[in-house]
Amino acid sequence: MSVWENEKKIIHVDMDAFYASVEQRDNPELRGKPVVVGGSPQSRGVASTCSYEARKYGIRSAMPLAEAYRRCPHAIFVPVNGRKYREVSLQINKIFHDYTPLVEPLSLDEAFLDVTGSTRLFGSAERIATEIKARIQEEINLTASVGLACNKFLAKIASDLKKPNGFVVVAPDRIQQFLDPLPVERIWGVGVKTAERLHGLNIRRVRELRQLDMEFLERLFGIGGKQLYLLARGIDERPVEVERGVKSIGREITFSEDIRDREALATFLLELTVDVGRKLRKEALKARTINLKLRFKDFSTITRARTLDSLTNLDDVIFANSSELLQEVVLKDSVRLIGVSVSNLSDQEESQLSLFAEPKQEKENLTKTVDLLKERFGEKSIIRARLLGKKKEH
């Protein structure tokens, strides 16, 4: 019996230096040269990504373009072409759907595929993954790194280990052999602070983390301790979630104790809008309508909405408008739930020129930098001052 017989078969596809690779593909003069995607080094923007030739000089995503130029003055700096990257991403997605309807895009350049039910039609999961890699190379002229495993966590780690153009298979009977030698930083949720605490306990490899019991980890890290315990053993039960047409993005909080103070409500509103804005940017979307939801102590619920003149994915814009909506509401009673959502979504850039285009671009660059830093170093690496010490609610 095959070791895969009763196991899920999850593929993670991660395009190699996606934006830069698309630019090199479309412009032969850029091939083999250090390319930085983000704009002019004279601007105050940051690098969205860079070619592998540029990475040899220590250039990384989220690095200020001026610093990238300092490290490699002969690098070629090109602007971000979001529309082109989205079109290429759609072409790649069509290849995925030739093998399975269970596709979960994480961004324009990576996705999970559940091919458990596809093997009868297309052969083994390894064969499917190999074909997908080959078709991306042949039909789109780009390379992808691929991981194959029995869950999303393992597949994503695998795809990252041999970039670029890598292919790593984690067989179900070799999970611990795969995980144990890896540094603890490879575990999801282990950012700088968590790694420092683990290193302080002389825990540097997954094999050492695996020796700690769940209760001890939960005392150290709260609910995150259980996740560390499970992931160190390669346990991840999350399904591949099929993307559907996103009509709105939102988040809400139900308070353990009803709140009437407007300042306290506005602080929670800020937390929600930061999360909503980040989700918008991750989906490469912008919104035109902002919605506020309030549920009172007696369970009566009201909603308020505002449609903007232009599309946005900026936290500050979402917060400013949702907080103005909050100020317009008469608080007849204390509030038990507050929520914010955005709708009228679009993945298209507006072409209309504006006197405020430059400061808006600067804000978008700053927000992008914060997103990338949080993704690399953890959610708590950057926190707005107003949210420091805020009491958690559920």
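Visitor: How many bridges join strand 10 to strand 12?
Guide: 10 bridges join them. Strand 10 covers residues 286-296, strand 12 covers residues 335-346, and they run antiparallel. This is a predicted model, where local features need pLDDT of at least 70, side-chain atom pairs count only at pLDDT 80 or more, and totals for chains, interfaces and linings use all residues. Residues are numbered from 1 along each chain as its sequence is written, and side-chain values use heavy atoms, with hydrogens and water left out.

Visitor: What counts as a strand, or as a pair?
Guide: Strands (E, at least two residues) and helices (H or I, at least four) are DSSP runs, numbered from the N terminus. Two strands pair if DSSP finds at least two bridges between them.

Visitor: Which residue stands opposite I290?
Guide: V342 in strand 12. Also, F296 stands opposite V335 in strand 12.

Visitor: And how many bridges pair strand 9 with strand 12?
Guide: 8 bridges, again antiparallel. There, S248 faces S343 of strand 12.

Visitor: What order do the strands take in the sheet?
Guide: The order is 9-12-10-11. These 4 strands form an open sheet with antiparallel pairing.

Visitor: Why is one side of strand 9 left without a neighbour?
Guide: Strand 9 (248-259) is at an edge with a single partner strand, so one of its sides has no neighbour in the sheet. Strand 11 (301-312) stands at an edge too.

Visitor: Which strands does helix 13 lie across?
Guide: Helix 13 (residues 262-282) lies across strands 9, 10, 11 and 12. It runs at about 155 degrees to strand 9. Axes are lines fitted to C-alpha atoms, for helices over the stretch in contact; angles run from 0 to 180 degrees between N-to-C directions. Contact means heavy atoms within 4.5 Å.
Guide: Helix 14 (residues 315-328) also packs on the sheet, touching strand 10, strand 11 and strand 12.

Visitor: New topic. How many cavities of 30 Å³ or more are there?
Guide: The count is 1. A cavity is a set of points, on a 1 Å grid over the protein atoms alone, where a 1.4 Å probe fits but cannot get out. Points are joined across faces, edges and corners, and the volume is the space filled by probe spheres set on them.

Visitor: How much space lies in the largest cavity?
Guide: About 60 Å³.

Visitor: Which element gives the largest share of its lining?
Guide: Helix 4, with 4 residues. Lining residues have an atom within 4 Å of a point. V13, F96 and D109 are among them.

Conventions
1 Å grid on protein atoms, 1.4 Å probe; cavity = no way out; pocket = protein on both sides within 12 Å on 5 of 7 lines; lining within 4 Å.
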